[in-house]
Amino acid sequence: MEIFDLIVIGGGPAGYLAAERAGHAGLKTMVIEKNEYGGVCLNEGCVPSKTFLNSAKVADYANHAAKYGVKVNGKATIDQKFVVERKNGVVKMLVSGIKAAKAKTGTVTSLRRGTKNSSESAF
Ligand SMILES: Cc1cc2nc3c(=O)[nH]c(=O)nc-3n(C[C@H](O)[C@H](O)[C@H](O)COP(=O)(O)OP(=O)(O)OC[C@H]3O[C@@H](n4cnc5c(N)ncnc54)[C@H](O)[C@@H]3O)c2cc1C
């Protein structure tokens with residue numbers, strides 16, 4: 001049986017930072033996450049909402065470009081499929097960044113998904 005100094009339940013911003021700091025301090029650390037790394041902030045909250053907001057801002061700027069002395073031919077419209085795909089790409093990039101940062105500290109991850117009771121190591 002593997003022994004850990006610290007087990008963090010939840011790989012959201014609170015959990016992954018705690019684990020990263022503990023790893024840097026030399027503690028053998030494991031994070032148990034039932035869904036995706038990054039928690040609400042990365043996967044559903046802060047990051048997705050900001051990518052959607054940015055697309056809306058760009059469309060709004062384009063539709064009011066004349067105010068800034070910029071001529072745009074036609075009306076800017078939102079391509080929802082593209083906007084969602086872009087959001088998924090940004091989330092994926094940031095989640096893999098967290099995994100890489102944690103791997104550097106030697107922190108082990110156990111992903112336990114839903115009720116399947118399966119676990120896999122992310123590293
Ligand atoms: C729409 C929206 C926009 C937001 N925008 C911002 C923003 O701009 N700026 C900002 O600072 N904050 C924002 N927030 C708030 C931010 O998302 C939260 O403050 C942050 O996610 C809290 O982090 P946490 O690690 O405490 O919890 P969470 O992000 O909720 O992470 C908890 C993790 O624990 C896991 N977990 C729970 N129970 C178990 C279990 N029993 N076993 C294993 N794993 C478990 C969950 O799957 C989850 O991954 C926003 C939130 C929302 C909903």
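T107 is found in the loop between helix 4 and strand 3 (108–113), where helices (H or I, at least four residues) and strands (E, at least two) are DSSP runs numbered from the N terminus. The structure is a predicted model, in which local features need a pLDDT of at least 70 and side-chain atom pairs count only at pLDDT 80 or more, whereas totals for chains, interfaces and linings use all residues. Residue numbers start from 1 along each chain as its sequence is written.

T107 is classed as buried because 28 other C-beta atoms lie within 10 Å; the class requires 20 or more such atoms within 10 Å of the residue's own, exposed residues have 12 or fewer, partly exposed residues fall in between, and C-beta atoms are placed from the backbone. Residues up to four places away in sequence aside, T107 touches A19, E20, G23, T29, V31 and K102, a contact being two C-beta atoms, placed from the backbone, within 7 Å. The C-alpha atoms of T107 and E20 are 7.1 Å apart in space, although 87 residues separate the two in sequence.

Just after helix 4, G106 adopts a positive phi of about 80°. Within helix 4 lies A101, which counts as partly exposed because it has 14 C-beta neighbours inside 10 Å. A101 and Y16 are 85 residues apart in sequence, with a C-alpha to C-alpha distance of 9.6 Å. In the loop between helix 1 and strand 2, A25 is exposed, with 11 other C-beta atoms within 10 Å. The C-alpha atoms of A25 and T105 are separated by 8.9 Å, across 80 residues of chain.

The protein chain contains 4 helices and 4 strands, arranged from the N terminus as β-α-β-α-α-α-β-β. Of its 123 residues, 15% count as buried. Among contacts with a separation of 6 or more, 57% join residues 24 or more positions apart.

The largest nonpolar core consists of 7 residues, V8, Y16, A19, A22, V31, Y37 and I98 (a core being buried Ala, Val, Leu, Ile, Met, Phe, Trp, Tyr and Cys residues joined through C-beta atoms within 7 Å). Helix 1 gives the most to this core, with 3 residues. Beyond its neighbours within four places in sequence, V8 is in contact with G15, A18, A19, T29 and V31.

The ligand is surrounded by 17 residues, of which G10, G12, A14, G39 and G45 are the closest (C-beta atom, placed from the backbone, within 6 Å). At least two residues of this shell come from each of helix 1 (13–24), strand 2 (29–33), helix 2 (39–43) and helix 3 (46–63). By class, the shell comprises 7 nonpolar, 8 polar and 2 charged residues (nonpolar: Ala, Val, Leu, Ile, Met, Phe, Trp, Tyr, Cys and Pro; charged: Asp, Glu, Lys and Arg; polar: the others, Gly among them).

The average pLDDT of the protein chain, the predictor's confidence in each residue from 0 to 100, is 86, and 89% of the residues score at least 70. Confidence is highest in helix 3, at a mean of 96, and lowest in strand 4 (residues 118–121), at 36. The pLDDT is below 50 over residues 114–123, a stretch with 15 contacts in the model beyond near neighbours in sequence.
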